[in-house]
Structures are given as C-alpha cells and as structure tokens.
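These are my notebook entries on a single protein chain. I looked up its cross-links and its charged pairs, and I wrote down each result in turn.

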Amino acid sequence: QVQLVASGGGLVQAGGSLRLSCAASGRTFSNYAMGWFRRAPGKEQEFVAAVDWSSVSTYYADSVKGRFTISRDNAKNTVSLQMNSLKPEDTAVYYCAAPSTTQTLGVNLGASSTYRYWGQGTQVTVSS
C-alpha cells in the first residue's frame, strides 16, 4: 500500500518562502515520477510541478516557474517543493502525488489522471 504524507505548509507573508515535503512509503520510490498539485478555494485542482524518477527532468506550471523548485531524495523516499517569492494567489491546499506505473511520459505528468496515489494535502496560506 503506497502512502504519501505531505508536510511543511503554513502561513507566510507575500514574498516569503516555504518548503513542502512528501514522504513516500509502500514501494520502491526511486522508480517513479512524483508530482505536486494544488487546489485553491473555489477553484479546480491544478498542476504545480513534477520530477521524473532520476531528477533529470522537472516540469512546472507557468504560474510557478522561476519561483518553485521540485526536488527528490531517493535515499530518503522524499520529494520536496521549495516555494520562494510566494504570492497570495499561491494560497491553496498542496498535494503530492505518485503514478501507478514507472512508464510515465513527461508530457503526461501535468495531468492529475496520471496519478493514482495522493497525499492528504497541506495548507499553504500567503497573506498580502
């Protein structure tokens, strides 16, 4: 049983930084891509960032490119999201996610349907 536990959310002022972490268990973490999504109040869930199994390729939504950095530590079974220059519009619940297969094309990592396993979410609130 794959489990994902996200942490690191909180309240921060605009321009500040937060670092989210997601701890994975239940299978060989290093074989799978990982992603982060978010859902703001009253809005659809949206893709934030993804990283392939080897960290060679990373993918970002245009809205966070240049401000957020996704990384993973396969030895510790964790994936992180460093969020800098935060804006009020980044306020959302952030979810880490993992696909069910290792054969995940990079072009598909932005789609929530690619992912089977989801963490419980961690709240990020950015005040203006």
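**Entry 1: the disulfide**

Which cysteines form a disulfide, and how far apart are their sulfur atoms? I found that cysteine 22 and cysteine 96 form it, with 2.1 Å between the sulfur atoms. I used the term for a pair of cysteine sulfur atoms within 2.5 Å. Such a link is a covalent bond between the sulfur atoms of two cysteines. My search of the whole structure returned one disulfide.

I noted that this is a predicted model, in which local features need pLDDT of at least 70 and side-chain atom pairs count only at pLDDT 80 or more, while totals for chains, interfaces and linings use all residues. Residues are numbered from 1 along each chain as its sequence is written, and side-chain values use heavy atoms, with hydrogens and water left out.

I next placed the two cysteines of the disulfide. Strands here are DSSP runs (E, at least two residues), numbered from the N terminus.

I then read the torsion about the S-S bond of cysteine 22 and cysteine 96; it is about 60°, so the disulfide is right-handed.

**Entry 2: burial of the cysteines**

Is cysteine 22 buried or exposed? Cysteine 22 counts as buried because its relative accessibility is 0%. Cysteine 96 is buried too, at 0%. I took buried as under 20% relative accessible area, exposed as over 50% and partly exposed as in between (1.4 Å probe, protein chains only).

**Entry 3: the salt bridges**

How many salt bridges does a search of the whole structure find? I recorded four. The term requires a side-chain nitrogen of Lys or Arg within 4 Å of a carboxyl oxygen of Asp or Glu.

Arginine 38 meets glutamate 46 at 2.5 Å, N to O. Arginine 38 is buried, at 5%, whereas glutamate 46 is partly exposed, at 33%.

Arginine 38 also meets aspartate 90, at 2.9 Å. This pair links distant parts of the chain, 52 residues apart: aspartate 90 is in the loop between β8 (78–83) and β9, and arginine 38 is in strand β4 (residues 34–39).

**Entry 4: the network**

Aspartate 90 forms a salt bridge with arginine 67 as well, at 2.7 Å. I noted that salt bridges with shared partners join Arg38, Glu46, Arg67 and Asp90 into one network. Aspartate 90 is buried, at 0% relative accessibility, and arginine 67 is buried at 10%.

Conventions: Helices (H or I, at least four residues) and strands (E, at least two) are DSSP runs, numbered from the N terminus.
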